Amino acid sequence: LGAATAYKILSPSEPGSQGRFTEGQVAIGGPFSLVDQTGARVSEKDFLGKPMLNFFGFTNCPDVCPSGLQTLTVALNALGEQSQKLSPVFVSVDPDRDTPAALAAYIKSFHPLIRGLTGTPDEVQAAAKSYRVYYKKVPDPADATRYNVDHSAFFYLMDKNGQYVKHFPHTVDAEKLDEAIRAIL
Ligand code: NI
């Protein structure tokens, strides 16, 4: 449902379309200040020089994030040595639970190049806003101590200058991701 909502927000451009992607005059991507899974402070400037492929989600996600990250892992494995020229990033939209340590534990299940980013709620909100990512806490009606996070689930491919190239739904094939990555390496 989150992805469907975001798709409407992102329309009318087609997913995967070439060129700088805008909604009105607002571009995809931009400044952010977050911490990685080691607790180190990072900004968009730290990712310049290599293309970046990012995906926003959360470590407690039941299926969308694990399947997206699994696809990313397959894509990175298929790239072999070439994968070193890319910065794959998983950005949390659940800063209350996704501490750097929680992210570090979670991303171990996937490709070792994937970095996890999180921050304060305000920092995460600002980063999500830059990428036009929708997310919303949804309380579990059966248990007030639990919640889910509804979120849009796109891969965003940015070039080495931090400019938007393409985005893909989380259901994209690894081959299609690799095709787009190879095209800009
Ligand atoms: Ni998810």
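**Salt bridges, core and nickel site**

Arg97 comes out as partly exposed, with 28% relative accessibility; on this scale buried means under 20% relative accessible area, exposed means over 50%, and partly exposed is whatever falls in between (1.4 Å probe, protein chains only). The model is a predicted one, so local features need a pLDDT of at least 70 and side-chain atom pairs count only at pLDDT 80 or more, while totals for chains, interfaces and linings use all residues. Residues are numbered from 1 along each chain as its sequence is written, and side-chain values use heavy atoms, with hydrogens and water left out.

Arg97 pairs up with Asp94 in a salt bridge, at 2.7 Å from N to O; the term stands for a side-chain nitrogen of Lys or Arg within 4 Å of a carboxyl oxygen of Asp or Glu. Asp94 itself is buried, at 2% relative accessibility. The structure has six such bridges. Another one joins Lys137 and Asp96, again with 2.7 Å between N and O. Lys137 sits in strand β8 (residues 135-140) and Asp96 in the loop between β6 (87-92) and α3 (100-107), so this pair ties together parts that are 41 residues apart in sequence. Both ends are partly exposed, Lys137 at 44% and Asp96 at 49%. Glu44 and Lys45 also form a salt bridge, with their closest N and O atoms 3.5 Å apart, and here Lys45 is exposed at 60% relative accessibility.

Taken as a whole, the protein chain has five helices and 11 strands, read off as DSSP runs (H or I, at least four residues, for helices; E, at least two, for strands) and numbered from the N terminus. Of its 185 residues, 46% are buried. Among contacts (heavy atoms within 4.5 Å) with a separation of 6 or more, 70% are between residues 24 or more positions apart. The accessible surface is about 9,000 Å², and carbon and sulfur atoms own 54% of that; the areas come from the Shrake-Rupley method with a 1.4 Å probe, and for residues only the protein chains shown count as cover.

On the inside, the largest nonpolar core has 49 residues, with Phe90 and Tyr131 touching the most other members. Such a core is a set of buried Ala, Val, Leu, Ile, Met, Phe, Trp, Tyr and Cys residues joined through side-chain atoms within 4.5 Å. Leaving out residues up to four places away in sequence, the partners of Tyr131 include Ile28, Phe32, Met52, Phe56, Tyr156 and Met158.

Ala174, Leu177, Asp178, Ala180 and Ile181 are buried. These span an arc of only 165 degrees around the axis, which puts them on the same side of α5; the arc is taken from the directions from the helix axis to the C-beta atoms. Exposed on the other side are Glu175, Lys176, Glu179 and Ala183. The cover over the buried residues includes β5 (52-57), α2 (64-79), β10 (154-158) and β11 (164-169).

Then there is the nickel ion, whose protein donors are Cys61 (SG), Cys65 (SG) and His151 (NE2), 2.0 to 2.2 Å away. Donors are N, O and S atoms within 2.8 Å of the metal (3.2 Å for Na, K and Ca), and water is not among the atoms, so sites may look incomplete. The donor residues follow the spacing C-x3-C-x85-H. Cys61 is buried at 8% relative accessibility, and Cys65 is buried at 0%.
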